[in-house]
Amino acid sequence: MFHSIEQHVSSAFRAHILARYGLDLAVAVEQPRQSDFGEMAVPAAFQLAKQLRQAPRKIAAELAAEIGPIEGVAAVEVAGNGYVNIRLDRGALGAALLRGESEEAAPAGEKVIVEHTNINPNKAAHIGHLRNATLGDTFVRMLRARGQRVEVQNYIDNTGVQVADVVVGFHYLENKTLEDVKALLADSSVRFDYYCWDLYARTSSYYKDHAEALEWRSATLHAIEAGAGELAEMAHLVADAIVEAHLATMLRLGVEYDVLPRESEILRLRFWASAFELLKEHRAIYRETEGKNAGCWVMPGLSEEGKVIVRSDGTVTYVGKDIAYQLWKFGLLGKDFYYRPLQTYADGRVLWVTTGEPTETAPQFGHGSRVYNVIDARQSYLQDVVVAGLRGLGYTAQANQSVHFSYEMVALTPGCCAELGIPLSEEDRARPYVEVSGRKGLGVKADDLMDTLIAKALEEVASRHAEASAEEQKRVAGQIAIGALRYFLLKFTRTSVIAFDFQEALSFEGETGPYLQYAAVRARNILRKLEERGERLPDFAAELSRQAMARQLQSEDFWHLLLAASKADSAIEEAVTAGEPAHVAKYAFQLAQAFNNFYHQYPIIHEENREKKVFLLWMTDFFRRQLERTAGILGIPIPEYM
RNA sequence: GGGCCCGUAGCUCAGGUGGAUAGAGCAUCAGCCUUCUAAGCUGAGGGUCGCUGGUUCGAGUCCAGCCGGGCCUACCA
């Protein structure tokens, strides 16, 4: 609602300035520093001052005097040395919100693809993967909240080096057969993804002391690519089991996908062969004849030596396959996957996975008009290569619609490593933080962290609600844990490295997820208490006239609270434009703060004056809806009680 | 060597398109539970926005150069 008034004001000023001065200006609408300056500030006079060569104050006075009436605006004033401040019509805004007027959602139109999570299926997920999935999932929710059609993809590199290394561990280091691995999978006392976590670290460190063992890796990779034999079968067994574990881990956090494109199908359906032909035809890559890259197919321009796309032994690098995948996402490859359903989510939505064999009908995937790849900042070079590939093929529009949704890594503080019992070198101990490393087995596992959070939340819930059943306590604790974790990962902007700290991550106070949840629970409690007392929620539209709204909103306090609550659309819109989920998190926190303030200051159920009581109840309900909606976009559930 | 990111209160971080007196949480200190849940609320202290120049009516924000720190620059992904 607030957002559409902003747009009204901006376009009214723009039209007026064009007519009056003959200048077309994109008019900014800001928030005044002090609330008694009004609700909006237009600094246009400063911009005009330069071109008109007049004092800003004088221009501002002209603007304010001549702008004329604007819908929803009560007063236009000149302030400072050239600001035009806007005061809104309080009754009008209140009445509009009461009628439930909301922003018109953007028309669905074209489809946007968001790829996120994308964890190598060879070990348990860790905290770094959680940042990726939470950012990606929240961005998807933000886009959908604005009416955008979104397809969520989670790419599975099930034939890569990392999977091969775990197979090497099983086969060469542990002398396990396929049957042994199956038995391990069937053993309910063993967490398979955790087992592989350790095994992968062991294999990696074995390579360091036994360079000759790298032969095992390449033999395994060849076996996987050939798609036959015990090692290939073992690789699929491992990857499938780990993917299942990752999906379960992510589902705990409320993260869901539409489709899992797998590398095995990219190989099987020869996606790369098609992309290779295209790249050669357009001379986007060339065969190097000399120097260190002799015998390789190389993409020039991005670094001094160029980027190797096809190795001298004829095998394609990951980036090469990624180019083929990116082409497919835009519907440019001329090939498609086959699909089969993998699982069904609670709401009935089906998660599809690619397959190499023709199957019955499936939805159409890919063919996006814009593609967001949620990948950490360390891979920006590779993302540049992918985009350069599109460009080299002449797909300029698609190259421009390819967005690397990048974010900085999650690292561990040396103190955190000490807590986890991870030994560090002297060099690492002196650093501000240490990179999480799957190869070194260095990291906080996602499920462990969630379990720790749940245990802590359960203590709190049990002490506050001893009467509730154990099952119920556990459910509430689970929701609180998710709220705490998601908010923790979202409160940092994408460019900030998160130096992980247990104490901060495990906090339920201050700027945290549970703080939001608590505010929403309180709002619900008031409305529930009302009914427990035998009263009913009033028919707000019938009982509150526009005049009544205006009367109640004469209170500066109520007015500011209502403004805060009505800015959700504005905040979401801004966050989508900025591509920054942290901005939604920040708004949600401010919203909760405003409500807690309101809650503390005004008795609602016990209010004697009928009009005021109905107004307060309406405010409570409005806050509740906005809190729930914003929390929903952050993927934070609201417990029944706290 | 080249590219990207970070540097703001004791700590962790926010500070759209330059704008009015630089903010929040944590921590510290002082208050508030016979009342709709104290996972909360109120108040206090705490700042050379890394440094130096520049652009202009105006710079935490833009530009240049330094100083710290991190990441990338593989025939790994």
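Which helices and strands each supply at least two residues of the surface near RNA strand B? In this predicted model, local features need pLDDT of at least 70 and side-chain atom pairs count only at pLDDT 80 or more, while totals for chains, interfaces and linings use all residues. Residues are numbered from 1 along each chain as written, chains are lettered from A and ligands numbered from 1 in written order, and side-chain values use heavy atoms, leaving out hydrogens and water.

The elements in question are α2 (44-52), β3 (83-88), α14, α18 (446-464), α21 (513-532) and α26 (581-601); helices (H or I, at least four residues) and strands (E, at least two) are DSSP runs numbered from the N terminus. Helix α26 gives the largest share, 8 residues. In total, 69 residues surround the RNA, with Gln34, Tyr83, Arg311, Tyr318 and Thr493 the closest; near means a heavy atom within 4 Å. Sugar or phosphate accounts for 66% of the RNA atoms within 4 Å of the protein, and bases for the rest.

Some side chains get close through N or O atoms. Ser312 comes to 2.6 Å from a base nitrogen of RNA strand B, Asn597 to 2.8 Å from a phosphate oxygen, and Glu504 to 3.0 Å from a sugar or linking oxygen.

Then there is a sheet. Its 3 strands run in the order β7-β8-β9, open and antiparallel; strands pair if DSSP finds at least two bridges between them. The edges are β7 (286-287) and β9 (307-310). Strand β8 (residues 297-299) pairs with β9 over 3 bridges, and Trp297 sits opposite Val310.

Key. A polar contact is a pair of N or O atoms within 3.5 Å; within protein, one must be able to donate a hydrogen and the other to accept it, and residues adjacent in sequence count only if both atoms are side-chain atoms.
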